[in-house]
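Welcome, and thanks for taking a look at this fold.

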Amino acid sequence: MKIQQEELNNDGSFFIKEDEQQLALMTYRMAADNILEILHTEVDERLKGKNVGSNLVTAAANYARENNLRIRSLCSFAGAVLNKKKDVYADVMEQVD
């Protein structure tokens with residue numbers, strides 16, 4: 001399964017599509033100060049338990065690293081993944097004072 005990305009203006013998504021059917025989606029928007037805000041994550045029931053949601057978070061983190069961005073999660077799922085693996089994602093997580 002290949003994670004794809006689309007971005008238009010300040011809105012974007014990471015997603016998995018097979019046979020023109022969307023099976024997983026993570027939406028985001030670019031906020032001020034180089035912040036990628038993850039808005040929502042959803043995974044088709046057929047892919048539950050296969051770490052697809054976590055893989056979408058990893059794709060967002062890699063994109064943030066490549067583009068010198070920080071991640072702010074407004075999505076509870078993505079926030080839980082980021083916080084659970086702070087050692088892996090600390091370099092891209094938004095620093096809260």
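**A sheet and its helices**

Met26 has Thr41 in strand 4 as its bridge partner. Helices (H or I, at least four residues) and strands (E, at least two) are DSSP runs, numbered from the N terminus, and two strands pair if DSSP finds at least two bridges between them. This is a predicted model, where local features need pLDDT of at least 70, side-chain atom pairs count only at pLDDT 80 or more, and totals for chains, interfaces and linings use all residues. Residues are numbered from 1 along each chain as its sequence is written, and side-chain values use heavy atoms, with hydrogens and water left out.

**Strand pairing**
- Strand 3 and strand 4 run antiparallel and are joined by eight bridges.
- Three residues lie between these two strands in a hairpin, and Asp33 in the turn has a positive phi of about 60°.
- Strand 4 (residues 35-43) pairs with strand 5 in the parallel sense over four bridges.
- Ile35 sits opposite Arg70 of strand 5.

- Five strands make up an open sheet with mixed pairing, in the order 1-2-3-4-5.
- Strand 1 (4-8) and strand 5 (70-73) are the edge strands, each pairing on one side only.

**Helices**
- Helix 1 (residues 52-66) packs on the sheet, touching strands 1, 2, 3, 4 and 5; contact means heavy atoms within 4.5 Å.
- Helix 2 (residues 76-84) also packs on the sheet, where it touches strand 3, strand 4 and strand 5.

Terms used:
Axes fitted to C-alpha atoms, helices over the stretch in contact; angles between N-to-C directions.
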